[in-house]
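Here is a short report on one protein chain. Please keep the sequence and the structure in view while reading.

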Amino acid sequence: MNEKIIILVVEDERLVARDLQATLEDMGYQIPQITDSGELAIQKVAEIKPHIVLMDIRLAGEMDGIEAAEIIKNNYHIPVIYITAHADENTLERAKLTEPYGYIVKPFDEQDLKTTIEIALYKHQIEQQLRDQSQWLSTILDSIADGVIATDKMGKVNFMNPVAEELTGWSWEAGIGQDINSIFNIIHEESRHSLQTLILKTIQQGQSIKLTEPTLLISKNGKEIPIDDNIAPILNSNQEIQGSVLIFRDITHQKVATEKLRYQAFHDPLTGLLNRHGFMQNLQEADNRRLMNPDFTFAIFFLDLDRFKIINDSLGHQVGDQLLQIIGQKLIKSVRNIDQVARLGGDEFAILVENLDDLYEIYQIAQRIRNEIIEKTYINEHEIFTNVSIGIVLSSIGYNQVDDLIRDADLAMYRAKTLGRGRYEVFNETMREQVRFIQKLESDLRRALERKEFQVYYQPIVNLQTSAIHGFEALVRWNHPQRGLLTPGHFIPIAEEIGLITQLDWQVIQEACQQVYRWNENRKNRPPFVISVNLSAKHFTEDNLVEQVTKILNETGLESPCLKIEMTETALLEEPEKVAVTISQLKSIGIGLSLDDFGTGYSSLSYLHRFSVDNLKLDMSFIQTMNSEPQSFEIVRTMIVLAHALNINAIAEGIETAEQLNTLQHLDCPLGQGYYFSKPLPAENIQQIF
């Protein structure tokens, strides 16, 4: 190893220098240069980069050895050993300031020289390793994303990395020596209380601390930065506290990301309302307050949009999504700022209303919601009407689980739907049994289609002037295994709700067309009967309606002019442009259109012209009161006159008395039906009356 050691000798006496060179070379060191001045020594150090310098103090030139050694130490970090004949007090004091690796007084012992050189080289090696480690550590501390501040045991700052400078607003120059409390001012984010004592506690007690509470760092310019922080004591080899180190990071982006994730976890992405999880959490908090304060009350509104599936299927999911967004805003508009609105999924919404126990106020809110929802909406030039069924449950009933509140609010909503939709119901204990009964009916209804439990009944439509049968209206009945014969009012709304109405309608039309075809085959020389069948509004926005009707006519053999399709005004409101095209296609193959219950819905004269209606059915509510209420009489008279003017057949429904028949004959109403002529009968019984 000695052969690789290069020593620069700086000596102004040539003979001494040569002698020293020979001695060192005998020891195995390399002596490439000898210089006699401080200036030249500095130059040679830069050129040959020796491992060590042997420096005389008195040299040629203006610079002595001590001055040269100071420059070499500071600029090149090369160890210097003084070899001099001077050992006076002043020279020694000056020499010590340069931190030499040895001081040998001439004349010297060769062994002492070798020992001093080897010790100096080893010491320099260790110090160089320490400097390298220090530089490595400094580079790491300057590069990491965390702020790092170190203090002495008095709490004075003695280190700051660039991130700490940036976050605190203090530069290294301004911060070093400052009290840590001046630079690192931290407070509790929520309570705003100072957390400075935690730093002093670490210094005084030697305890490591991780700040688990939400913490804000107040920077020099007053900016508040959320941070995550660890504070640890710095101990020496004797486990004595020398100070503390603070490692902290700006968690602003983390908090934003966390808040975003929390928002996403508790909110519906489509409407921005609370989702089911968020609503249930708030509901649980409300119920906890109720348990602690018996005077605290709340109510849950469970809402389901009526006919949303039809809108979604006919106009597309994009329009459906926009409608849900609009509904969400309408619900927010309908309630107070403190009330919480949520979308639970699909077209189901919920509202948590607190501090309301007056039923009248609750009814007002429900009515306000309904009034807002039924307002027509325009989306992409589509005019959309919708309604809402609302179930309400009150916390005053007393529940052990919040899930039970939702369950009963859902039951109340379901009850509202079965009673006709577009209404609200407040839950009571008897409702549970009623809903269970309806749910049982749903289950039975699904099986009934498979078991062919539905039967078509026929009610004659009569020429009121001749009393001859013009045709029939097909009406479905359900032969329920336990409950007997059920009329449509008991099961049609449920079939529509659970999506079975389409399948049921096609089954009825198939059977009715087949039956009328057989009757007409037996009366070849007489005018054929016409069969009127009711179709759910859902059919008129489906693409395959005309295709399906054509298929049934082909399969049954019935001529298309013998089939009349009845539709309500509600069906005309669902995408009227598409409905108009469908009706036009039906009429092009000879099928007639009857508008049912005219005058009871959104009656508009434009419908009669726009949709090429063939028959106008006058609702039985007017027929049965026209002889006792002048207003009803005028309505019936006007509609018959209107039908004649538009070349449309008027058909009076619900004729039950001779007086009603006589009035309609005088008003020149061409067709009618009702119990006066015949109640709806099965096919085998209907043949007895013609």
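The sections below take up an annotated site, several strands, the cysteines, a pocket and some backbone details of this predicted model.

## The annotated aspartate

An unreviewed UniProt entry lists Asp-56 under "modified residue: 4-aspartylphosphate". That assignment comes from the record. In the model, Asp-56 sits in the loop between β3 (52–55) and α3 (65–76). Is Asp-56 buried or exposed? Its relative accessible area is 5%, so Asp-56 is buried, the cut-off being under 20%.

Which residues does Asp-56 touch, beyond its neighbours within four places in sequence? The contacts are Val-10, Glu-11, Asp-12, Gly-65, Ile-83, Thr-84 and Lys-106. Lys-106 returns below, at a cis peptide bond.

Glu-13 lies in the loop between β1 (7–10) and α1 (14–26). With a relative accessibility of 46%, Glu-13 counts as partly exposed. Glu-13 and Leu-59 are 46 residues apart in sequence. In space, their C-alpha atoms are 8.5 Å apart.

Strand β18 covers residues 387–394, and eight of its eight residues are buried. In a regular strand, side chains alternate between the two faces of the sheet. Both faces of β18 are covered. Asn-387, Ser-389, Gly-391 and Val-393 are buried on one side. Val-388, Ile-390, Ile-392 and Leu-394 are buried on the other.

β18 pairs with strand β13 (residues 298–306) in the antiparallel sense, over eight bridges. β18 also runs parallel to strand β19 (residues 424–426), joined by three bridges. Ile-390 takes part in both pairings. Opposite Ile-390 in β18 stands Leu-303. In β19, Tyr-424 is the bridge partner of Ile-390.

Why is strand β14 (residues 340–345) described as largely enclosed by the rest of the structure? Five of its six residues are buried. Strand β15 spans residues 348–354 and pairs with β14 in the antiparallel sense, over five bridges. Ala-342 stands opposite Ala-350 in β15.

Two residues lie between the strands of this hairpin. Gly-346 takes a positive phi there, near 55°.

## Cysteines without disulfides

A disulfide is a covalent bond between the sulfur atoms of two cysteines. How many disulfides does the model hold? The count comes to zero. Cys-513 is in no disulfide, because a pair must have its sulfur atoms within 2.5 Å, and the nearest cysteine sulfur, that of Cys-562, is 9.4 Å away.

Cys-513 is buried, at 0% relative accessibility. Cys-669 is buried too, with a relative accessible area of 0%.

## The second largest pocket

The second largest pocket has a volume of about 250 Å³. Its lining holds 15 residues. Closest to the centre are Pro-214, Ile-251, Gln-254, Lys-255 and Thr-258.

Two or more lining residues come from each of β11 (224–235) and α10 (252–266). Which element gives the largest share of the lining? α10 does, with four residues.

## Backbone exceptions

Most residues other than glycine have a negative phi, and most peptide bonds are trans. Pro-107 is in the loop between β5 (102–105) and α5 (110–143). Lys-106 is also among the contacts of Asp-56.

Lys-49 is placed in the loop between α2 (38–48) and β3. Its relative accessibility of 60% makes Lys-49 exposed. Asp-668 belongs to the loop between α25 (658–666) and β28 (671–672). At 41% relative accessibility, Asp-668 counts as partly exposed.

Note on methods:
Residues numbered from 1 in each chain as written. Predicted model: local features only at pLDDT ≥ 70, side-chain atom pairs only at ≥ 80, totals over all residues. Heavy atoms only, no water. UniProt positions renumbered as here; feature names shortened; annotations may be inferred. Buried < 20%, exposed > 50% of the residue type's maximum accessible area, 1.4 Å probe, protein only. Contact = heavy atoms within 4.5 Å. Pairing = 2+ DSSP bridges. 1 Å grid on protein atoms, 1.4 Å probe; cavity = no way out; pocket = protein on both sides within 12 Å on 5 of 7 lines; lining within 4 Å. Points joined across faces, edges and corners; volume = space filled by probe spheres on them.
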